[in-house]
Structures are given as C-alpha cells and as structure tokens.
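Hi,

Here is the structure I promised to pass on. Have a look at it first, and my notes follow below.

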Amino acid sequence: MHFLKRLSGIINLHYKRYPIRCLTSKSCVNVKDEVEQKEKNILVDHFEQICMIGINRPERKNALNVATAQELLDELDKFENDENFLVGILHGIGGNFCSGYDLKEIAQYDGKNEEVLPHFGPLANRIELCKKPLIAAISGYGLGIGFELALMCDLRVMEESAVLGFTNRRFGIPILCGGTVRLPALIGYSKAIELILTGRYIQAKEAYSCGLINRYTTTGNVLGTTLNLAKSFVKFPQKTLLADRASAQFATFSAKQLEEAIQFEKDNASHLLFEEGVAGAKRFVTEGLGKHGKFYNITKVETKFEEFDKDLL
C-alpha cells in the first residue's frame, strides 16, 4: 500500500499541468522550488533506486532544441555516475514523449553557424545514452529524434494511444542519431526500411507485434507500468546484470560496426539537412506544412489537363 501511494504521488506530479494556486498549505520556499522545477527543460525525480528523467517542454510537445538536448545528456551523465540509482526511465512531461527536433529552431539557420542545429550537437555522436539499463516510457508523440531516443533505450513501454515514426521525412530532415542503424537491428531490415522510407506512424499494438516495444498499456498508465518493470531489475546482482547487458549490446551492435554505420549515416546524409531540411522546417513555420500529422501537399505537383485524341475515344 505504501508503494502504491508513493507511485500515485509521483505520477500525479509529472502529469499535472495546472499552475500552483495561491491557497496552498505548502511553504513559500517549496512553492518556489516547484515553480523553478516546472521552468526547467529536463525534470529529474527519484523513486527508490530508480531515476526518472523527464523532457519538460509541453508547450512544444517536448520537441528538443539545442539547449534541451544538452541538458538531457547532462542529466543522463549524472545518473550514470551516481551509484545510488541502478535503472533509469526516460519519459515526457505533459502527455508526449518527444515530438522531434524543434523545427522553429532549425528554420532559423542562416547558413553560417552549424552549432545552432541540434543534429550536430553531442547527442548525435552518442553511441549509447547510458551504461545502465534505461527504459523509455512513451506517451503521445515519439517522432523523429523522439523515436531515436526510444531506440537508444534498452526497453520501451508504450501507451496504446501513442505513436512512433520518422515523420521528419515530410520536411527532408535526415535521420542522424543512429536511427537507421538501430531500427533494422531491432526489428529487421524489411519492416525497418518501410518505416524509414514512408515516415508513417506505428502504433502500440503493431510495434509490440514486431518486437519494437516490450510492453503496451492503457493511456495514462505508462509511467506506472514502466516503474514496475524497472523495479524488477533492482533486485538482481548488478555487476552480472550490467556485464550481460554489455555482452548483448556488443553482439547486436558490434562496436566497430556500429561506429562505422553511424559515421556512414552522418557522412551520407548530413548535407541534406542544409539542402532540404532547413527549407522544410521553414515551410512548417510559414505555411503549416505537415502540421497535425498531415502527409499531403508536401511536394508541389503541376497538374496539366490535355484533351484526349479523338481516335482513342
């Protein structure tokens, strides 16, 4: 019963989006701390030996900009180096996991400073997010880099109403964080290449049936289900668990092959971010291209009407 009360409190904290009222029994110091927490791009909470890292940009559907990507890596490094916490959970605040890179930031690229583009930040060069078990708790949208973050986790738990996909296909923004390497390794080339080339959504039941995710749950319960899964790892001897995890990763992503494949991904497609991706992001901002999940009117097609030859009629 004590576990359920604590779990309920944590979930309520992360999914509550209403402002703190003036009438409260909390001290002014505690209220100030909560306000400051809500202003952070990354929120961290702990439950026993589990570290929960939440992307906190709900007004942008948790899209990553350069600053947020760096903050995320900083918190992952802290978790990795803290011996008090054995398992991590990556999730999104406010109903979405991560809707991709922030297109408004990409659209502001002026052709000079590549550092303003998150695709060339430290996240893009990360072979793995963490050396400890990390579980993605996926709600709402997990798109573009959000999909890639989920692939970089060891396990994935997904709400029934959530969707994953490389919808950056609409804007000509290439996959540059290892997604073209990890997805085929997890579910096979045939299924992976369909998702990569079409950019379509994949929902929870289909994702589960092809082995992309490990659990799916009803809407609103993903964090609780993920916490229960994470708790099941804590009871085991950790040195052996980490050694077996490392062996499985080496067998699936041989270090040399993975580095070569990710480098090829960058060499092969990075220039297209400038040739097509920035223009696509600008069309999103100015024309509404691709908003609300739309996949039509992406490329302008000239339609000509010609009279049939009378002999053919």
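I'll start with D102, which counts as buried at 5% relative accessibility (buried means under 20% relative accessible area, exposed over 50%, partly exposed in between, with a 1.4 Å probe and protein chains only). D102 sits in the loop between β3 and α4 (103-107); helices (H or I, at least four residues) and strands (E, at least two) are DSSP runs, numbered from the N terminus. A polar atom of the D102 side chain lies 3.0 Å from the backbone nitrogen of K104. Beyond its neighbours within four places in sequence, D102 is in contact with R57, R60, A63, L64 and N65, where contact means heavy atoms within 4.5 Å.

Before going further, a word on where the numbers come from. This is a predicted model, in which local features need pLDDT of at least 70 and side-chain atom pairs count only at pLDDT 80 or more, while totals for chains, interfaces and linings use all residues. Residues are numbered from 1 along each chain as its sequence is written, and side-chain values use heavy atoms, with hydrogens and water left out.

On confidence: pLDDT is the predictor's confidence in each residue, from 0 to 100. The chain has a mean pLDDT of 84, and 81% of its residues reach 70 or more. Over residues 15-35 pLDDT stays under 50, and the model has 15 contacts beyond four places in sequence for that stretch.

Now the sheet. It is open and built from 6 strands in the order β1-β2-β3-β4-β6-β9, with mixed pairing; two strands pair if DSSP finds at least two bridges between them. At the edges are β1 (42-47) and β9 (215-217), each of which pairs on one side only. Neighbouring strands are turned by 20° against each other on average, direction ignored (axes are lines fitted to C-alpha atoms, for helices over the stretch in contact, and angles run from 0 to 180 degrees between N-to-C directions).

Going strand by strand, β1 and β2 pair in the antiparallel sense over 6 bridges, with D45 opposite M52 in β2. Their hairpin has 2 residues between the strands, and E48 takes a positive phi near 55° there. β2 and β3 pair in the parallel sense, also over 6 bridges, and the bridge partner of I55 in β3 is G92. β3 (residues 87-92) and β4 (residues 134-138) run parallel too, joined by 4 bridges; here G88 has L134 as its partner in β4.

How many residues of strand β2 (residues 50-55) are buried? The count is 6 of 6. I50, M52 and G54 point one way, and C51, I53 and I55 the other. In a regular strand the side chains alternate between the two faces of the sheet.

C51 brings us to the cysteines. A search of the whole structure finds 0 disulfides (a disulfide being a pair of cysteine sulfur atoms within 2.5 Å). For C51, the nearest cysteine sulfur is that of C130, 8.8 Å away, which is too far for a bond. Both residues are buried, C51 with a relative accessible area of 3% and C130 at 2%.

Last, E114, in the loop between α4 and β4, counts as partly exposed at 39% relative accessibility. Leaving aside neighbours within four places in sequence, E114 is in contact with Y109, F120 and F274. E114 and F274 are 160 residues apart in sequence, yet 9.5 Å apart in space, C-alpha to C-alpha.

Best wishes

Definitions and conventions. Polar contact = N/O pair within 3.5 Å; in protein donor to acceptor, adjacent residues only side chain to side chain.
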